[in-house]
Amino acid sequence: MTGQSTLQPGQGSSSADRDEVRLPPIRPGGYDPADYAEAVARAAEEAGVSALLVMTVLHNEAYKPHHPLLERLWQWWKPGASFGLANMHRATFERVRRAHDLPGRWQDLRDDPAFAIHAAALHLKDLDRGLPRRHVRRYSRDELLALGYNTGERNMRAFARGVPPGPMARSYLRRFRAHRNRAAEALATTDHGRPA
C-alpha cells in the first residue's frame, strides 16, 4: 500500500528533487532505504555531503516504519518523537530550517520523503562545519558525523577529542559500520550517486 508524495514543489520538497518520491509502505518490513537512493544522491550533491554518509544514516534510522499514517500514530503515542525517513526531531529541524531558509514545516518530513532526505543532508552539512578538521583516528569523519546526527553536535565534538561514546552511541556506530556496504550497493545503482 504505497502512495505518492502529494506536496507541490516549494511546499517542502527540495529544489534538487522535484519528482515525486514514493511514500514508504505501510506494511511492516516493507521499507527499504535503498528505494530512495536517487533522492539521496540528489540531496547529498545539493548539500555538498557524501551520498554514502546520507544513505548509511537512512539505513541506521530505518528501525521503525516510516509511512505517514504510522508516524502520526507514533507521534500520538510519543509526542516528542522524530519524523521522516531520517528521524529528525523538531528542534533539529527548526535549526536546519532557519539556517537554510527551508520552506517547509517539521510535519512535512513525515509526508514528503524527498524533503526529509534533503533536511537530513543539510543537517549533516551543518554538523560537518562544526567538526574540527583534526580528530582522534579511531573514527572516520563520516563516523563522527553519524554520531553527531544521533547524539548532537556537542557530543560529536567530544568524541572527536577522544571522549568515549556511551552504549547507545556505540550501538549506533556499530550499525553505521555494518550498513556501509548495503548503502554503497544501493547508491551504485543510481545515475547520480557516487558511494563516497
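Which residues is His59 in contact with, leaving aside its neighbours within four places in sequence? I found Asp32, Pro33, Ala34, His179, Arg182 and Ala183, where contact means heavy atoms within 4.5 Å.

A note on ground rules before I go on. I am reading a predicted model, in which local features need pLDDT of at least 70 and side-chain atom pairs count only at pLDDT 80 or more, while totals for chains, interfaces and linings use all residues. Residues are numbered from 1 along each chain as its sequence is written, and side-chain values use heavy atoms, with hydrogens and water left out.

**Entry: His59 and its helix**

I placed His59 in helix H2; helices here are DSSP runs of H or I with at least four residues, numbered from the N terminus. His59 counts as buried because its relative accessibility is 5%. For that label I used these cut-offs: buried is under 20% relative accessible area, exposed is over 50%, and partly exposed is in between, with a 1.4 Å probe and protein chains only.

Next I checked how H2 packs. Helix H2 (residues 51-60) meets helix H9 (residues 167-188) at an angle of about 120°, and their axes are 7 Å apart. The axes are lines fitted to C-alpha atoms over the stretch in contact, and angles run from 0 to 180 degrees between N-to-C directions. That angle makes H2 oblique to H9; under 35 degrees would be roughly parallel, over 145 roughly antiparallel and 65 to 115 roughly perpendicular, with the rest oblique.

On the H2 side of the contact I listed, among others, Leu52, Met55 and His59. On the H9 side the list includes Tyr172, Phe176 and His179. The residues of this contact divide into eleven nonpolar, four polar and three charged. In that sorting, Ala, Val, Leu, Ile, Met, Phe, Trp, Tyr, Cys and Pro are nonpolar, Asp, Glu, Lys and Arg are charged, and the others, Gly among them, are polar.

**Entry: the aromatic pair**

How many aromatic pairs does the structure hold? I found one. Phe93 and Phe115 form it edge-to-face, at 5.8 Å centre to centre with 75° between the planes. Rings of Phe, Tyr and Trp (its six-membered ring) pair if their centres lie within 6.5 Å; planes under 30 degrees apart are stacked, over 60 edge-to-face and the rest tilted.

Phe93 sits in helix H4 and Phe115 in helix H6 (residues 113-130), so the pair ties together parts that are 22 residues apart in sequence. Phe93 is buried, at 0% relative accessible area, and Phe115 is buried at 0% too.

I also looked at Arg105, in the loop between H4 and H5. Not counting residues up to four places away in sequence, Arg105 touches Phe93 and Phe115.

**Entry: the end of H4**

His100 belongs to helix H4 (residues 90-100) and is partly exposed at 23% relative accessibility. Beyond its neighbours within four places in sequence, I saw His100 in contact with Leu122, Asp126 and Arg129.

**Entry: positive phi**

Most residues other than glycine have a negative phi, so I noted the exceptions that I came across. Asp101 has a positive phi near 50°; Asp101 lies in the loop between H4 and helix H5 (108-111) and is exposed at 68%. Asn87 also has a positive phi near 50°, in the loop between helix H3 (68-77) and H4, but Asn87 is buried at 6%.

Note on methods
Helices (H or I, at least four residues) and strands (E, at least two) are DSSP runs, numbered from the N terminus.
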